[in-house]
Every structure is written in structure tokens, then in C-alpha cells.
Amino acid sequence: MGISKEIERIAHKVSDDIRITPAEALVLWREAPLWLLGELAVGRKERVSGTNVFYNRNFHVEPTNVCVFNCEFCSYRRPKGSPEAWDYSLEEIETIVREKSGSKKACKDSSACGQSALDLAAPQCEADGDVQVVPPLGDKQEAAKGDVLSPQATEVHIVGGVHPDHDLHYYVEMIRRVKNIIPTATVKAFTAIELSYMIRKAGLSVTEGLQLLQRAGMEAIPGGGAEIFDETLRAKICPDKGSTAEWFEVHREAHRLGIPTNATMLYGHVETLEHRIDHLDRLRRQQDESTLLHVEQSAFNAFIPLKYRNRNNRMSDIGEVSVVEDLKTLAMSRIYLDNIPHIKAYWVMYGKTITELALAFGADDIDGTIDDSTKIYSMAGGDANPTMTVAEIERMAQNAGYTAVERDTFYNAI
Ligand code: V47
């Protein structure tokens, strides 16, 4: 296929690591062939992270599916009182974390116990006399050959609905208890929309609220709730949700406090390419500001394009976009976001096959082992019991010509 002079000129800018404009991004997205976008994105990916494909050992906790907001695209939310609604108590959350992390199965009082899932020097919980179910960690390489090993989880990702009845202290206590059970794992918790709601409800400033949560053990913030930043479109697909301005306020303040965050974009519904570029552009500008102001590495770590999945929600009549569109979106994210180091192909949302392909289109991260702990995508049409073994991840990276590297939340290789 012939390449126009204009495409050639923009492609040279990308190869030379010169920032492209929104108008140039639109030309590239509309007119460049898929193979060229892949080549440009892979070039940039390899200049940033070489042949590494990052993953972590993680699990999710979804405390509730009750939500004060009622987004058109959401398949997960249930109204309060619905037979399908859940709202875990702090004790139930402790039980989930213990089970996922291989700690005490049903330790009744973690404050009395205070024992870590990874504390091999203390094989039995004093508090309730339960049998220790933590397998010996042994050699890490040995463990890597086996199935998912949540006992070695380095990240607990907590995200759910915005429940009307809980206050900030409930969330502070949740983080404190999770951290108490698995102190060696990073707690990456709550979307900016959840945070904004709970902090405002407490009558605190965003900075004060984040500081409280940070002191309890919240060390990173996931990228959810971004949806699409364009205000007109947001009013259509999530009219009552926290605003774009609120989302940015939380991330900006988090960066200022030394809390790294991620960013997402929900694409493939009613938005245009211009809306997607506008979304990427707002993130690129925020990242410029965050990285300019702070010496420490506390800005956006990763960008995650989230493909709209159309089951069981009020936008189900909209089809899902093609695989080519997914790959172009990943590649354009890598090309445009020249200041966000990692592009994550969230395998739970794409499925394993598209995720493998995504590695040839600029993604350098696939998220983690998950261990069948999230329902947000299962309810929207994704895998019903999402789990990925380390062996599978290693094979996937190898198939794409790369090397799987286990990382912590902050992208340090483990
Ligand atoms: O904000 C909801 C999206 C997000 C649907 O930071 C949907 O590492 C597609 O943000 N189809 C929550 N997407 C999940 C999220 C996330 C996931 C993995 C890793 C990280 C990270 C963050 O899920 C929501 C929304 O944009 N979502 N419904 C749907 N039907």
C-alpha cells in the first residue's frame, strides 16, 4: 500500500521521538496502514522498555456492586436492595484477602493476629489457632513454573461501586485491614470517582482525604472512572458520574503527594477518533505538568485503553469494535503518549488472543495473574473466571518475541 508524503513526514517524527500534534494524530489514525502503526508503536515501546513485557501477581477485591451512579455502559452495577447486589463487610473483605493471599483461612481477628501471609517465621496464627495455609515460598523460579500463586501477590487492586452508605473511615479501615493481612503487597485502591465521592462526603479537601488514605496504606491509584473526557459525550454515557475535572483533580493531587496512578479510556462506543485524541491529549498535558513539578516518580505509570464490552447494559445495541480497531487504538496510544512509560493491554478485557497480538502494537504490560477475582468484565461479556498462570504469561511474551518480566506496582522488576 502506498504511503502519502504526509504520513511519511509524521512517521519520521514518531521514529525521531518528536511529539506529534492532535491534527497529525488524526491523519495517522485515519490513513496510516495497520502495519505502519504497529512498526511505529513497537519502535517506541522498545526504546522505552526494550524487550520486556511486564506483568504482576495480583488479585482484585470488589467490595460492592451497589453504586450511586448509573452509567449507561455499566454491566456491573446493581441497585441497592437488588437480589444480585453485594456489599461486603470489612470482615468479609478480610476473609477474601486471606483466601486469595493464602493467609489464615478464617482468622477471626486480624488486629489480634497481625500476622502476614508471607511471614514464614510465624507459621500459625496465635489469635484463632487456624492451620497455616501458606505454602513455602521456596525458590521464586520454582514457583514461577506452577500455577497462579497469589500467596506471592505483590498487588491488591480494590475497586467497586460507589456505595451511598459508607464513609471515608470505612475505606481507611478497609485499606488498613488489607495491608495488615498482606503487608508486602501494594494496595492500589479506588478510582478517582470513588475517591472524589468519599472525600467530599467527609467534608475534606482532596489533599486531606488522599493523605488519610495514604497513611492507612493506599500506595497507588488505578486508572478507572476516566471513561471519555469530552464533557458532552460524558453527559450521554455517564450523565450523573463524577466529572472529568474531578477525575483530574484527584490524579493531580495524588501525583503531588507522591502517589503514582494509572489512566484509562473507555473506547469503542459512541465516541469519534477526535474524542479519543482529545482524551489522550488531556492526559499528555497532565503528565507534562506532573512530571515537571515533581522530582519523584509519582505521575501516570500506565495508560490502559479499555474496549467497550456490550453485554448486559443499556448500550448493548452498540456492537463491539473490531480487533483492528483495538490494535490501532493501542498503537496510537503508544505513539501519542510519549510521556507515559507503560501501555497496558488489560488481558481480562481483550481476552488472551488479542492481548498476545497487542504486544506487536506497542503494549509492554498485560496486567497480572488476577486469580479469578474480578467480575466487572465477566458481567460485560469477558471471561467468566479470569485467571492467567505465570507459565501462560511467559509463553505469551515469548510468542511475541519478548521476555516476560515480573514487576511490582511501580514497575520495578522483581
Ligand atoms: O472505569 C465498565 C470500565 C473500568 C465496562 O489501573 C467497562 O491498572 C468496558 O479501570 N466495557 C474499571 N469497560 C476497570 C479499570 C482498570 C482495569 C484494569 C486495570 C486498571 C489499572 C484499571 O472499567 C471503569 C470503566 O471504564 N468499564 N463497564 C464495559 N461494559
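I started at strand S4 (residues 186–189), which pairs with S5 in the parallel sense over two bridges. I noted that the model is predicted. Next I looked for a residue pair in this stretch. I found Lys188 opposite Ala220 in S5.

I then traced the whole sheet. It is open, has four strands and runs in the order S2-S3-S4-S5. The pairing is parallel. Which strands are at the edges? I found strand S2 (58–61) and strand S5 (218–220) there, each pairing on one side only.

**Helix on the four-stranded sheet**

I looked for a helix across these strands. H7 lies across strand S3 (155–158), S4 and S5. I read its angle to S4 as about 150 degrees.

I followed H7 to its helix partner. The axes of helix H7 (residues 168–181) and helix H9 (residues 206–216) come within 8 Å. They cross at roughly 25 degrees. Are H7 and H9 roughly parallel or antiparallel? The cut-off for roughly parallel is under 35 degrees, so I wrote down H7 as roughly parallel to H9. H7 passes H9 in a right-handed crossing.

I listed the contact residues by helix. H7 brings Leu168, Tyr171, Val172, Ile175 and Arg176. H9 brings Gly209, Leu212, Leu213 and Ala216. By class, I have seven nonpolar, one polar and one charged residue in the contact of H7 with H9.

**Three-stranded sheet**

I moved on to another open sheet. Three strands form it, in the order S9-S1-S10, with parallel pairing. Its edge strands are strand S9 (365–368) and strand S10 (403–406), and each pairs on one side only. The twist averages 25 degrees from one strand to the next.

I checked one pairing in detail. How many bridges join strand S1 (residues 52–56) to S10? I found four, and the two strands run parallel. I picked out Tyr55 and looked up its bridge partner in S10, which is Glu406.

Helix H16 (residues 390–399) lies across S1, S9 and S10. H16 runs at about 140 degrees to S10.

The axes of helix H2 (residues 22–31) and helix H13 (residues 323–336) come within 11 Å and cross at roughly 155 degrees. The cut-off for roughly antiparallel is over 145 degrees. H2 passes H13 in a right-handed crossing.

Which residues make the contact? From H2, I listed Ala25, Leu28 and Trp29. From H13, I listed Lys328, Met332 and Tyr336. I sorted the contact of H2 with H13 into five nonpolar, no polar and one charged residue.

Note on methods. Residues are numbered from 1 along each chain as its sequence is written. This is a predicted model: local features need pLDDT of at least 70, side-chain atom pairs count only at pLDDT 80 or more; totals for chains, interfaces and linings use all residues. Axes are lines fitted to C-alpha atoms, for helices over the stretch in contact, and angles run from 0 to 180 degrees between N-to-C directions. A crossing is left-handed if the near helix is turned anticlockwise from the far one by less than a right angle, and right-handed if clockwise. Two residues are in contact if their C-beta atoms, placed from the backbone, lie within 7 Å. Ala, Val, Leu, Ile, Met, Phe, Trp, Tyr, Cys and Pro count as nonpolar, Asp, Glu, Lys and Arg as charged, and the others, Gly among them, as polar. Two strands pair if DSSP finds at least two bridges between them. Angles under 35 degrees count as roughly parallel, over 145 as roughly antiparallel, 65 to 115 as roughly perpendicular and the rest as oblique.
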